[in-house]
Amino acid sequence: MRNLTFDSTNLSETEEFLNRNYTSMRIGNDSQSAPEAHVRRDMLGPVHLDRLHLGFDMAYDADPLHKICLVSVVTGAIEENYHDTGPDTFLPGQTGLLTPPELPYSGVIRSARYDITLFDPALLDRVAGRGGEPVRLIGHRPLDDNANRRLTAVIKHLQQIAAAPEFPADSLVAGTAADYLAATVLATMPNSALAGPTATDRRDARPDTVRRAVAYLETHLREDIALADVAAAAFVTPRALQLAFRKHLDTTPLQYLQQLRLHAVHEQLVAAGPGSGRTVAAIARQWGFAHAGRFALAYRRHYGRSPSDTLRS
């Protein structure tokens with residue numbers, strides 16, 4: 001299912017919907033307002049992007065979600081009772097972790113418009129490429145105000161991608177966008193994957209590591225590639241791989257992958273030419289570029305001209 005919508009003024013219906021689409025929970029009306037509820041869910045590969053509007057104060061007591069659940073408040077407020085650290089309140093403009101995946105949660109949503117972003121915690125492991133213990137978020141708030149703005153902006157961007165009618169739900173765009181979200185979460189939220197490279201990682205950061213990784217990237221451009229996949233192909237840890245690329249190419253493995261895909265788009269634009277009926281946006285999406293403006297900026301920075309100029313030449 002690409003998306004779903006729900007509208008109701010019946011508290012029991014709303015509770016049933018929430019139980020069916022989130023987790024087992026009990027809800028109540030903590031205000032004198034009618035229990036008006038509106039929900040829209042868009043799918044972006046493994047990520048659920050939900051936009052909700054509650055016209056009443058909804059008290060809730062819920063079982064664990066077993067998913068990363070980010071909340072972004074637009075209007076109103078969310079008063080969350082964290083079972084590990086105590087109460088906290090999210091206000092408009094603030095984004096954070098609504099509940100740790102393994103813990104129950106409760107609180108009150110104060111007549112709010114808010115967004116919920118849900119995904120499996122394994123996505124963080126996939127992007128971090130960290131062996132051993134799974135990656136855990138170890139705080140409910142972003143690292144600072146800049147991190148909060150960055151995380152909120154990325155969620156808004158992904159909502160636009162997922163809601164676009166021309167966006168194919170199973171495309172390469174979905175995988176790269178989900179990885180982009182997970183990478184942003186790891187960069188903006190306190191987590192257990194922040195440790196630096198070991199002595200073994202530094203020893204393995206050699207040119208032959210880069211050569212093996214580049215060969216793998218060049219032959220898997222159309223696939224949904226994670227950092228762990230590239231590291232396995234190069235026979236090193238993800239940290240060693242990142243260190244090798246930074247040391248020898250002054251970039252990261254996934255940034256290098258983006259450059260390769262940018263070159264693939266360039267070749268297709270040149271081959272298509274004027275009158276082919278193909279569009280820049282359609283070709284870019286085939287290679288995982290969903291945001292037309294950002295793609296055009298990256299293309300111009302790399303090739304010194306716009307992608308549309310290349311297509312027309």
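Which residue lies over the face of Trp287, and at what distance from the ring centre? It's Arg222, at 4.1 Å. Keep in mind that this is a predicted model.

**The cavity**
- The count comes to one cavity of 30 Å³ or more, and about 200 Å³ of space lies in the largest cavity.
- Its lining takes in 19 residues, and the closest to the centre are Met25, Met58, Ile109, Tyr114 and Ile116.
- Sorted by class, that lining has 18 nonpolar residues, one polar and no charged ones.
- At least two lining residues come from each of α1, β3, β4, β5, β6 and β9, with β9 giving the most, at four.

**Aromatic rings**
- There are six aromatic pairs in the structure.
- One of them is Phe295 with Tyr299, a tilted pair at 5.9 Å centre to centre with 50° between the planes.
- Tyr299 also pairs with Tyr303: the centres are 4.7 Å apart and the planes sit at 35°, so this pair is tilted.
- Phe295 and Tyr299 are four residues apart in helix α11, about one turn, and Tyr299 and Tyr303 have that four-residue spacing in α11 too.
- Tyr299 is buried at 0% relative accessible area, while Tyr303 is partly exposed at 24%.
- Ring pairs tie Phe289, Phe295, Tyr299 and Tyr303 into a cluster.

**A charge over a ring**
- Arg141 has its charged end over the ring of Phe90, 4.2 Å from the centre.

**Asn21**
- Asn21 lies in helix α1 and counts as buried because its relative accessible area, 19%, is under the 20% cut-off.
- Leaving out residues up to four places away in sequence, Asn21 touches Leu4 and Arg41.

How values were computed
Residues numbered from 1 in each chain as written. Predicted model: local features only at pLDDT ≥ 70, side-chain atom pairs only at ≥ 80, totals over all residues. Heavy atoms only, no water. 1 Å grid on protein atoms, 1.4 Å probe; cavity = no way out; pocket = protein on both sides within 12 Å on 5 of 7 lines; lining within 4 Å. Points joined across faces, edges and corners; volume = space filled by probe spheres on them. Nonpolar A, V, L, I, M, F, W, Y, C, P; charged D, E, K, R; others polar. Buried < 20%, exposed > 50% of the residue type's maximum accessible area, 1.4 Å probe, protein only. Contact = heavy atoms within 4.5 Å. Phe/Tyr/Trp six-rings, centres within 6.5 Å; stacked < 30°, edge-to-face > 60°. Lys NZ or Arg CZ within 6 Å of the ring centre and 35° of its normal.
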